[in-house]
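User: I have a protein structure here and would like to know what the labels attached to it rest on. Please take me through them one at a time.

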Amino acid sequence: MEKHMAVCPYCGAGCKMNLMVENGRVIDAEGLPGVTNEGELCLKGLYGYDFVNDTRILTPRIYHPMIRRTKGAPLERVSWDEALDFTASRLRAIIEESGPEAVMLTGSSRGAGNEANFVMQKFTRACLGTNNIDNCARTCHAASVIGLMECVGSGAMSVSIPTLEETDCILLIGYNPAASHPIVARRIVRAKERGAELIVCDPRVIESARIADLYLPLANGSNLALVNALAYTIIDEELADFDFIDEHTEGFDDWWEIVQDYAPEDVEGVCGMPAELIRQAARRYATAETAVVGWGMGVTQHAQGVQTVRAIAALALITGHIGKPRSGLAPVRGQNNVQGSCDMGMWPSLYPGYQRVDDPAARAKFAAAWGVLEERLSLEPGWKLTDLPHAVGEGKIRAFYNFGEDPLQTKPDTAQVRRMLESLDLLISQDIFMTQTTALADVVLPATSWAEHDAVYTASDRSFQLTTAALPPKGECRHDWEIFADLSTRMGYPMHYESTREIWDEVRALCPQFAGATYEKMAGTGWAQWPIFADAADDPENHGTPELYAGGAFATPDGKGHLVAAHWRPPTEKPDDAYPLVLCTVREVGHYSCRSMTGNCKALAALADEPGYVSISPADAEARGIDEEELVWVRSRRGKVLARAAVDERVNEGAVYMTYQWWIGKCNELTLHVVDGESGTPEDKYSACEVEAIADQ
Ligand code: SF4
C-alpha cells in the first residue's frame, strides 16, 4: 500500500490528507497536520475518496471522448483527435459567424487546480478573443468579491482559518459551518471553549446557534435590515472606534445618512426579533477586544447580496475590527478551489491575480507575455455565468464550454436551464462523470479526477497548497490543462506545457502577489498565503500574509476603507395564499455540490437516499397534516417535486429548507432565477412555495 499526499477535494477549508492506494485503487484516507486541519478530517474528507474508483453508485465515470454529430443524434465514442478537431471546427464556425462574444466558458472549482483554470482562461482570452469566462463563485460568493473589493480592496477572507480560534468574538451571519466546513466549525467550537463569544444570526437554529452566547433568529430575507440595525446601534450607543473611522475610512456621512433610519426598534418587524436582541449583539461585537464576522451564502444568495456584504464590511470598519491581529472579515468559500478559480482570472472582468481587463497596462502586460497583439485581448468585461439563460435566449451566446460544472443540477429554475442548454448550437462538457449537464452535451471530454493530477489549490483563507497525483490517468482521460492546450493549438494559438509546475511558474511571473508561492514552499504540508511576494520565495519561514490590511492600510486605490450603505428592500417573490412558505436552499454535511462525487462514495451514499428532504417546522407540518418521513409534494410557480418531510423543531415557522443535489427532490426545479444586479448571484435563499401531503392530491 502506498501513501500519497493530497488536499481534500470538497470544501474550501483545504484539509491536507494522505490517500492510501492499493492495486490502483484508493482504499482509505487519513488526515495530515495541515495548516487549517491539524490532522483532522470531516465525514467527507474521511469517506469521500472512492468515487475515483468508479463505483457507479450514482453515475459512471467517463473514460473516452464522445461527440454528437448532429442535434438529437446519440453520443458516439471517438478518438481525441476527432473530438478536438470537431470541437475546434465548430467553435471556429460560430466565431466566424457571430464573433468571439458568442462563446461562453466556465471554469471548475471542484478538484480542478489553479493551473488548469489558468490555462483555460488563457485559451479563452488569447485564443478565442473574449472575456466570457466565469466560475461557480458567480452563484455563491461573487457578492463578497464585489462588495469587499470596493470597501476594503480584496474580495477574499482578510483573516486565516486558524484566526477564528484565536479571536474574542465571532459573529456569524447566514453561515452554517457545521454543514459547509466542519473543520472550520471545529475551530469555532474551540474558540468558544477558550472563552470567545459566539453570536449567530440565522433563521434556523443551526448547530452553531445551539452553542451561541446570543442567537438572533432573523426573519428570512432580512439580512440587510439587521446589519444596518447593528451598525446603527454601534453609532447610536457610541461604541464605534471614531479614531479609526477618521483615520482609515471614507464616506461616513453618506453612509450614516442611510443607516440612521435603522434603529432596531424600527426594524423589529422586518427582522423578526426584539430590538433589544439586536442591541445586545451590537454591543458584544463592538466592545470585544478582537472580533471576526463570518458569513456564507445566507448573505450572498440574495438580490441584495453585494449591499449586505458592504454593510458587513462597514461593521468592521466602524469598530476597527479589521487591520489588527485576530480581527477581520471571513466570507468562507464553498468549493475546494473556488478561491483559486477567482485567483486565476476565471472572472469576466479580471485577469489572474485580480488585474482588471479594462486596465490598458494590465492588457499590455498579458499581451506581451502571451505573444498576442494587445487588440486581441478585449478591454470589455465578458458575460457572467448567470447571464446565460437570457443571453442564449436572445441568440447572443451560441456555444458554452462547461468545465466540471453541472448547471442543470445546481443553478436555479431547472426548466429554464434545460431550455437554455438544449437551445445552444454547441455544448462542450469536460468532466469526470456523466452528470445531468454532460448527458446533454455535443462534445464530452474525459478528464482526470482530483486523485489523478498534481495541482495547486487555494483554500478559503488564501492559502495555496499542493496536491499530488495518487494514480495515473484512467482510460483515455487527460489532464484538463493538456486538453485546453491541445484545443488551443488546433485553433491556431499554440500552447505547450510539460507540467503543472511550468504553468504555475507562468502564473507567478504574471501575478506579483503570488510570486513567492513556489512549489518548494508548498511541498508536504507547506503552504503559501497570498499576498506572498517574490522576496518570500527563498525564505522557508515566510508563508505569506495570514491577515490583511495591517495598520488599516486597505488595498483600495486610496488606501482607505469605504463605507457604503443601502436601504433594505423585501425579497423579489413574496409568499402569498397560493405559495405561503419561503423556500430556502441549504447544504448538508454528507453531500457536496451536484453529488456526482459524494453520491459515488459508498459510505456517503449510504447516509440517505432519494428523494431529498424538505425540512419543515412542526407547526407548518401539523397545519398541513404532514408526518415525519412522509412523502410530500413541494411546489412553486416553476414546478413541483417529490420530497420526504423532515419535521424539524430547529426550522422556523413559515419557511422550508431543501438541498439541490438530489436527482429526485431537487429544489432547483422550484427556485426562482432572480439575481443581484451587481454580482449576478441568484436569490437562491428566497422563493415562494407550498408543501402538500401526497394523500391530499
Ligand atoms: Fe474536506 Fe472540508 Fe471536510 Fe476538510 S472540512 S475534510 S476540506 S470537506
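Analyst: What follows is a set of questions and answers about the labels used for this structure.

This is a predicted model, in which local features need pLDDT of at least 70 and side-chain atom pairs count only at pLDDT 80 or more, while totals for chains, interfaces and linings use all residues. Residues are numbered from 1 along each chain as its sequence is written.

User: Which domains is the protein divided into, and where do the bounds come from?

Analyst: The division is into domain 1 (2-53), domain 2 (77-138 + 337-513), domain 3 (142-332) and domain 4 (581-696). The bounds come from an automatic or database domain assignment.

User: What makes a residue part of the contact between domain 1 and domain 2?

Analyst: Two residues are in contact if their C-beta atoms, placed from the backbone, lie within 7 Å. The centres of domain 1 and domain 2, taken over C-alpha atoms, are 26 Å apart. The contact takes 16 residues from domain 1 and 16 residues from domain 2. On the domain 1 side, β1 (2-7) and β2 (16-22) are the elements that give two or more residues. The largest share, four residues, comes from β1. Such elements are DSSP runs numbered from the N terminus: helices are H or I with at least four residues, strands are E with at least two.

User: What class are the residues on the side of domain 1 that touches domain 2?

Analyst: There are ten nonpolar, five polar and one charged residues on that side. Here Ala, Val, Leu, Ile, Met, Phe, Trp, Tyr, Cys and Pro count as nonpolar, Asp, Glu, Lys and Arg as charged, and the others, Gly among them, as polar.

User: How many residues surround the ligand, and what puts a residue in that shell?

Analyst: A residue is near a molecule if its C-beta atom, placed from the backbone, lies within 6 Å of it. For the ligand, 14 residues surround it, and the closest are C8, C11, C15, C42 and G45. By class, nine residues of the shell are nonpolar, four polar and one charged. Domain 1 and domain 3 each give at least three residues to the shell. Among helices, α1 (43-47) and α7 (182-194) each supply at least two.

User: What does the UniProt record place at residues 1-56?

Analyst: UniProt, in an unreviewed entry, places the feature "domain: 4Fe-4S Mo/W bis-MGD-type" there. The positions are given in the numbering used here, feature names are shortened, and annotations may be inferred rather than shown by experiment. In the model, residues 1-56 are 9% helix and 36% strand, with the end C-alpha atoms 24 Å apart.

User: Why is strand β8 called largely enclosed?

Analyst: A residue is buried if 20 or more other C-beta atoms lie within 10 Å of its own, exposed if 12 or fewer, and partly exposed in between, with C-beta atoms placed from the backbone. In β8 (residues 169-173), five of the five residues are buried, so the strand is largely enclosed by the rest of the structure. C169, L171 and I173 point one way, I170 and L172 the other way, and all are buried.

User: How do you know which strands pair with β8?

Analyst: Two strands pair if DSSP finds at least two bridges between them. β8 and β9 (residues 197-201) have five bridges, in the parallel sense. L172 has V200 as its bridge partner in β9. Four bridges join β8 to β12 (residues 292-295), again parallel, and I173 stands opposite W295 in β12.

User: Why do β19 and β21 count as edge strands?

Analyst: The open sheet has three strands in the order β19-β20-β21, with antiparallel pairing. β19 (455-458) and β21 (528-529) each have a single partner strand, so one side of each is left without a neighbour in the sheet. Two bridges join β20 (residues 463-467) to β21, and A528 in β21 is the bridge partner of F464.

User: Is E238 buried or exposed, and what about R595: buried or exposed?

Analyst: E238 has 8 C-beta neighbours inside 10 Å, so E238 counts as exposed. R595 has 28 inside 10 Å, so R595 counts as buried. Phi is near 55 degrees for E238 and about 75 degrees for R595. Most residues other than glycine have a negative phi.
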